[in-house]
Amino acid sequence: MRISVIGCGYLGAVHAACMAKLGHDVVGIDVDARKIDELQAGRAPFFEPALPELLEEVLATGRLKFTSSMADAKGAEVHFLCVGTPQRKGEYAADMQYVDSAFMSLLDSLEPGNVVVGKSTVPVGTAARLADILAARRPDAVLAWNPEFLREGFAVKDTLSPDRFVYGVPHGEGGSRATSALDEVYSTPLSLGTRRLVADYGTAELVKAAANSFLATKISFINAMAEVCEVTGADVTVLADAIGMDERIGRTFLNAGIGFGGGCLPKDIRAFMARAGELGADQALTFLREVDDINVRRRIRVVELTRRLVGGSLLGKRITVLGAAFKPNSDDVRDSPALNIAAQLQLQGAEVTVTDPQAITGAQARFPELAYERDTSAAMSSADALLLLTEWEEYKALTPHHAASLVRTKNILDGRNVLDRDMWRAGGWNYKGIGRP
Ligand code: UGA
């Protein structure tokens with residue numbers, strides 16, 4: 001099929017490349033000319049495993065091109081909207097300006113029979129609102145909402161073989177047409193067994209908000225258990241293993257630590273609360289405020305644990321933060337708990353050095369006042385405490401012996417509970433995990 005993908009950020013760039021991989025003719029469109037130049041040259045503008053190889057492969061077939069001109073969407077049969085919906089400044093609600101402007105500028109390029117497919121995470125009611133505009137301006141086109149569930153770090157795999165597809169479509173002939181078009185777009189993963197659910201617009205939009213809210217709740221639940229473990233001397237990692245063996249609960253997303261961050265979970269639960277409030281259902285989601293509070297509390301807690309680890313005062317203490325990205329295998333530092341903790345420590349008088357295999361450039365742009373060091377060993381040199389805050393493989397593989405040869409004092413805080421506690425203690429380290437004795 002001929003496909004346009006509007007918005008070439010984390011979601012759109014991966015979606016465009018994956019659609020070309022599935023055999024479609026794809027044009028990726030973005031207002032950011034620099035990003036387009038990078039992508040057209042086969043370079044991913046952000047770190048995402050497997051994306052550079054995929055870009056190289058599909059660009060060579062001639063089935064994928066990138067442009068900053070919306071007019072180039074003309075000729076495509078299916079148009080995916082993949083622009084961002086960040087949190088509005090000073091508010092909980094989502095900022096819809098990018099979705100709205102991408103949608104409005106696409107209208108001029110639409111042709112009879114085209115299908116417009118929203119993938120962005122939006123407040124419930126958005127698809128119905130945009131469908132009304134479409135009906136007035138382009139009654140021969142149809143809108144579908146097809147939320148995206150990809151995880152950064154696994155974006156290519158999650159796009160090519162997701163757990164499920166959810167199509168939000170209108171009733172009647174338009175809905176059947178949109179469903180057939182999406183079935184054709186995704187025919188390869190569908191034939192390989194990916195499940196698909198067809199729903200109304202509101203349900204499809206809510207599936208995404210509900211899924212991210214559930215994941216955030218699961219993480220805050222285990223972090224709340226970590227708080228209780230900390231005052232009772234219990235071990236949250238064993239607790240998570242044990243409750244996770246109940247298949248109704250499951251072990252995934254039960255890793256206690258410094259909490260969730262990134263460009264999705266934090267802002268999505270806030271936008272969901274804001275939207276529920278507008279709709280008069282705010283009571284239904286007040287628990288998400290607690291989920292958010294537990295999450296933010298983790299960051300404050302890690303600062304306190306660090307203060308204790310270095311003897312009661314942060315003033316003048318050299319702290320090395322291992323990891324700046326919000327999670328490993330990503331260079332994304334949006335709402336990164338690791339960076340937030342690093343900045344708080346610095347504000348309270350510590351001398352903080354941050355290292356990360358991929359995220360230093362992004363981190364520097366957000367927190368220029370912090371010191372950065374690319375080389376892990378150099379970053380650890382003369383430290384009074386190491387803080388492992390993003391669980392990159394290379395930090396998990398650190399040995400107490402090697403680290404001891406670099407630091408000033410053998411203090412380590414394992415913010416993700418990924419190190420072998422006994423091994424570090426046996427190496428003479430003062431080891432502190434999260435929610436563990
Ligand atoms: C999340 C969802 O997992 C995706 O399904 C969704 O498509 C995406 O948001 C989105 O809305 O676009 P992502 O933001 O890439 O994906 O990251 P996750 O893997 O969900 O991790 C989120 C945060 O939770 C990270 O900071 C991670 O370190 C933290 N986390 C995760 C924990 O603290 N504990 C866990 O057990 C799991």
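Let me begin with a term: a residue is called buried when its relative accessible area is under 20%. With that cut-off in hand, and bearing in mind throughout that what we have here is a predicted model, I would like to start at Thr67, which is found in strand 3, residues 64-67. Thr67 has a relative accessibility of 9%, and it therefore counts as buried.

Let me move on to strand 10, which covers residues 351-355. Is this strand largely enclosed or largely open? Four of its five residues are buried, so strand 10 is largely enclosed by the rest of the structure. As for its neighbours, strand 10 pairs with strand 9, residues 318-322, in the parallel sense over five bridges, and within that pairing Ile319 stands opposite Val352. Strand 10 also runs parallel to strand 11, residues 371-372, to which two bridges join it, and there Val354 stands opposite Tyr372.

Strand 9, helix 13, which spans residues 337-347, and strand 10 make a right-handed β-α-β unit; strand 10 then takes part in another right-handed β-α-β unit, made with helix 14, residues 360-366, and strand 11.

I will finish with the ligand. There are 21 residues around it, and those that come nearest are Phe149, Leu150, Glu152, Lys208 and Asn212. By class, this shell is made up of 10 nonpolar, four polar and seven charged residues. Which helix gives the most to the shell? That is helix 9, with four residues, while helix 9 (201-232) and helix 11 (265-278) each supply at least two.

At Leu254, a backbone N or O atom lies 3.4 Å from an oxygen atom of the ligand. Taken on its own, the ligand has 720 Å² of accessible area, and the protein covers 91% of that.

Definitions and conventions. Residues are numbered from 1 along each chain as its sequence is written. This is a predicted model: local features need pLDDT of at least 70, side-chain atom pairs count only at pLDDT 80 or more; totals for chains, interfaces and linings use all residues. Side-chain values use heavy atoms; hydrogens and water are left out. Buried means under 20% relative accessible area, exposed over 50%, partly exposed in between (1.4 Å probe, protein chains only). Two strands pair if DSSP finds at least two bridges between them. A crossover is right-handed if, with the strands pointing away from the viewer, the path from the first strand over the helix to the second runs clockwise. A residue is near a molecule or strand if one of its heavy atoms lies within 4 Å of it. A polar contact is a pair of N or O atoms within 3.5 Å; within protein, one must be able to donate a hydrogen and the other to accept it, and residues adjacent in sequence count only if both atoms are side-chain atoms. Accessible areas come from the Shrake-Rupley method with a 1.4 Å probe; for residues, only the protein chains shown count as cover. Ala, Val, Leu, Ile, Met, Phe, Trp, Tyr, Cys and Pro count as nonpolar, Asp, Glu, Lys and Arg as charged, and the others, Gly among them, as polar.
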